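Please look over the structure below, and then read the report that follows with the chain in view.

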Amino acid sequence: FPVTIRGFVTIGNWVVVEGVVAVQQFIEIGDHAFIAGGSLVRKNVPPYIKVAREPLSYIGVNSIGLRRRGYSDEQVTRLEDIYRALFVHNNSLAAGVKQIMETLPESEEKQIVLAFIQRSEKGVVRGAQTT
């Protein structure tokens with residue numbers, strides 16, 4: 001199935017993009033991200049997560065893909081804690097970043113995620129949406 005990617009898109013390592021996905025120009029997709037089929041990507045997709053739905057939203061950490069690539073349970077748990085703070089426990093990205101910086105221990109994963117968020121001028125996908 002086709003995937004449409006417009007100009008100046010940056011795609012990280014080990015990214016999985018299922019079929020019938022359209023990616024808008026000037027988007028960055030972080031390492032180890034997973035984009036579900038039929039998605040419209042209009043915002044940056046941080047590393048290590050799965051995204052789906054319309055509007056495109058965080059649906060969890062790509063734990064299966066990460067473990068297949070040698071990430072430890074400890075690393076996956078750290079990422080789950082980071083993204084829970086960012087997308088589940090807070091009602092804004094700024095509040096999530098603040099919680100991560102103030103409460104979570106230093107780690108390579110934390111540095112990578114926060115650096116991605118900081119350089120995302122176009123914004124990042126939304127947190128989990130409820131209906």
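## Tyr58 and its surroundings

In this predicted model, Tyr58 is in contact, once its neighbours within four places in sequence are set aside, with Ile49, Lys50, Val51, Arg53, Tyr83, Phe87, Val88, Val125, Arg126, Gly127 and Ala128. Tyr58 belongs to strand β9, which is made of residues 57-61. Because a residue counts as buried when its relative accessible area is under 20%, Tyr58, with a value of 8%, is buried.

Distance along the chain and distance in space can also be set side by side for this residue: Tyr58 and Ser120 are 62 residues apart in sequence, while their C-alpha atoms are 16 Å apart in space.

The loop between β8 (49-52) and β9 holds Pro55, and the peptide bond that joins Glu54 to Pro55 is cis, with omega at about 0 degrees. Arg53, which is one of the contacts of Tyr58, is found in the loop between β8 and β9 as well. Its phi is positive, near 75 degrees, although Arg53 is a residue other than glycine, and with a relative accessibility of 47% Arg53 counts as partly exposed.

A positive phi is also found at Trp14, where the value is about 60 degrees and the residue is again not a glycine. Trp14 sits in the loop between β2 (10-11) and β3 (16-17), and, at a relative accessible area of 57%, Trp14 is exposed.

The buried residues in α4 are Glu109, Lys110, Val113, Leu114, Phe116 and Ile117. Seen down the axis of α4, these buried residues fall within an arc of 155 degrees, so they line one face of the helix.

On the face of α4 turned away from the buried side, the exposed residues are Glu108, Gln111 and Gln118. The cover over the buried residues of α4 includes β5 (28-29), α2 (73-88) and α3 (93-103).

What angle do α2 and α4 make where they pack? The angle is about 35 degrees, and the axes of α2 and α4 are 10 Å apart, with α2 passing α4 in a right-handed crossing. On the α2 side of this packing, Gln75, Arg78, Leu79, Ile82, Tyr83 and Leu86 meet Glu109, Lys110, Val113 and Ile117 of α4. Tyr83 is also among the contacts of Tyr58.

The axes of α2 and α3 come within 7 Å and cross at roughly 150 degrees. Since angles over 145 degrees count as roughly antiparallel, α2 and α3 are therefore roughly antiparallel to each other, and their crossing is right-handed. Ile82, Ala85, Leu86 and Phe87 of α2 meet Leu93, Gly96, Val97, Gln99 and Ile100 of α3.

## Helix α3 and its two faces

Which residues of α3 are buried? They are Gly96, Val97 and Ile100, and, as they cover an arc of only 100 degrees around the axis, they are on the same side of α3. These buried residues pack against α2 and α4, whereas the face of α3 turned away from its buried side carries the exposed residues Ala94, Glu102 and Thr103.

Notes:
Residues are numbered from 1 along each chain as its sequence is written. This is a predicted model: local features need pLDDT of at least 70, side-chain atom pairs count only at pLDDT 80 or more; totals for chains, interfaces and linings use all residues. Side-chain values use heavy atoms; hydrogens and water are left out. Buried means under 20% relative accessible area, exposed over 50%, partly exposed in between (1.4 Å probe, protein chains only). Helices (H or I, at least four residues) and strands (E, at least two) are DSSP runs, numbered from the N terminus. The arc is that of the directions from the helix axis to the C-beta atoms. Contact means heavy atoms within 4.5 Å. Axes are lines fitted to C-alpha atoms, for helices over the stretch in contact, and angles run from 0 to 180 degrees between N-to-C directions. Angles under 35 degrees count as roughly parallel, over 145 as roughly antiparallel, 65 to 115 as roughly perpendicular and the rest as oblique. A crossing is left-handed if the near helix is turned anticlockwise from the far one by less than a right angle, and right-handed if clockwise.
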